[in-house]
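I opened this entry to keep track of what I looked up in one model.

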Amino acid sequence: MTRNVIHWASAVAFAGTLFCAYGFTPVASARQAAQGAPAQQPTAAADKKPDAAPLQLDTPQGSPQSQAAPTVPPTPQEEADYKVFQAIPQNDIDKRIPAAEGFLQKYPQSQYRPMMYQTLVQGYLAKQEVPKMIDAGEKEIALNPNDTPILGLMGQTLARTLNPKAPDAMSQLTRAEMYSKRAIEVTPTLTKPAELTDDQFNNAKNNALEMAYSGLGLVYLQKGQYDQAIPTLEQSLKTDTHSEPDPVNLYLLGLANEKASHFDAAVAAFTKCAAIQSSLQANCKSGIDTAKKANSTQLSAPK
């Protein structure tokens, strides 16, 4: 995984039905927003600038001890095909996606499966093909249960794309909570890979934790557990090392505080969100007005 995936994660689409009460419809990617591409309105994307630092916390070839299905030693032809795949530029997702899919079909027991699934997660997320991204992510987790960047990304994505009217809504919410909690549990125990610098390793861990806390905070918000959602979303923002925080998390923190009758805290979160140039600015400005009005007519709950 590259760190680009972590940045794109904050722009995964919300399901419109999830936030109907809050005026949400499905959102476009941060890359679309930054480039001015057409998008559905209103949108909720975090306009973060990607960073090229590597984000591989697990072994690219996978760990035989953690793989759910057996591997077989690569043949010379498999090694040759893998080198061809590696030669495809990282940003050429239109070539890397079919190449990875073809490799998996040709070599279903390859030790290089984790690399292929990570590539598919990155590619399908960039293309906003969320069901395919989730399918690839779950296959990677089955192989590498401690792949914390994927765990964090999956927890956040499943939470942000939940359709509560879907037949599998409860299952999706449960998986979002499980993956997020797993990432939070495992990330502090990781050993730095030799190929990463200390800064790269710490950034990778922070990115994984940022997404995991974000996903878990949204799970709590969806369950109406506002007193748990608030500190969890705050922790996501604390672990965010980018120059600007994810406005989605600030917006969600504002909502959680408003629902918990912490109106001053809601105004503060919405104000920070509104100060960031993103497609959430209008929502956050509206949130400021709503929280201030509630503060003037309702009793605030102590924090």
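This is a predicted model: local features need pLDDT of at least 70, side-chain atom pairs count only at pLDDT 80 or more; totals for chains, interfaces and linings use all residues.

**Entry 1**

I looked up Glu 185 and Arg 182 and found their side chains in a salt bridge, at 3.7 Å from N to O. That distance counts because the cut-off is 4 Å. I then checked where the two residues sit. Both are in helix α8, which covers residues 169–186, and they are 3 residues apart, about one turn of the helix. For accessibility I noted 52% for Glu 185, which counts as exposed. Arg 182 has a relative accessible area of 29% and is partly exposed.

**Entry 2: the other salt bridges**

How many salt bridges does the structure hold? I got 10.

I picked out Lys 106 with Asp 81, where the closest N and O atoms are 2.9 Å apart. Lys 106 is exposed, at 51% relative accessible area. I set the threshold beside that value: exposed means over 50%.

Next I looked at Glu 129 and Lys 132, which form a salt bridge with closest N and O atoms 3.4 Å apart. Glu 129 is partly exposed at a relative accessible area of 26%, and Lys 132 is partly exposed at 43%.

I also logged a network of salt bridges that links Glu 177, Lys 181 and Lys 223.

**Entry 3: the disulfide**

I searched the whole structure for disulfides and found 1. Which cysteines does the disulfide join? They are Cys 273 and Cys 284, with an S to S distance of 1.9 Å. The pair links distant parts of the chain, 11 residues apart: Cys 273 lies in helix α12 (residues 263–274) and Cys 284 in helix α13 (residues 281–297).

I then asked why the disulfide is right-handed. The torsion about the S-S bond of Cys 273 and Cys 284 is about 55 degrees, so the disulfide is right-handed.

Are the two cysteines buried or exposed? Cys 273 counts as buried, with 0% relative accessibility. Cys 284 counts as buried too, at 0%.

**Entry 4: cavities**

My search of the whole structure gave 2 cavities of 30 Å³ or more. I followed up the second largest cavity, whose volume is about 30 Å³.

Which residues line the second largest cavity? I wrote down Gln 90, Ile 93, Arg 96, Thr 119, Gln 122 and Gly 123. The elements that give two or more residues to this lining are α4 (93–106) and α5 (113–126). Helix α5 gives the most, with 3 residues.

By residue class, I sorted the lining of the second largest cavity into 1 nonpolar, 4 polar and 1 charged.

Methods:
Residues are numbered from 1 along each chain as its sequence is written. Side-chain values use heavy atoms; hydrogens and water are left out. On a 1 Å grid over the protein atoms alone, a cavity is a set of points where a 1.4 Å probe fits but cannot get out, and a pocket is an open set with protein on both sides within 12 Å along at least five of seven lines; lining residues have an atom within 4 Å of a point. Grid points are joined across faces, edges and corners, and a volume is the space filled by probe spheres set on the points. Helices (H or I, at least four residues) and strands (E, at least two) are DSSP runs, numbered from the N terminus. Ala, Val, Leu, Ile, Met, Phe, Trp, Tyr, Cys and Pro count as nonpolar, Asp, Glu, Lys and Arg as charged, and the others, Gly among them, as polar. Buried means under 20% relative accessible area, exposed over 50%, partly exposed in between (1.4 Å probe, protein chains only). A disulfide is a pair of cysteine sulfur atoms within 2.5 Å.
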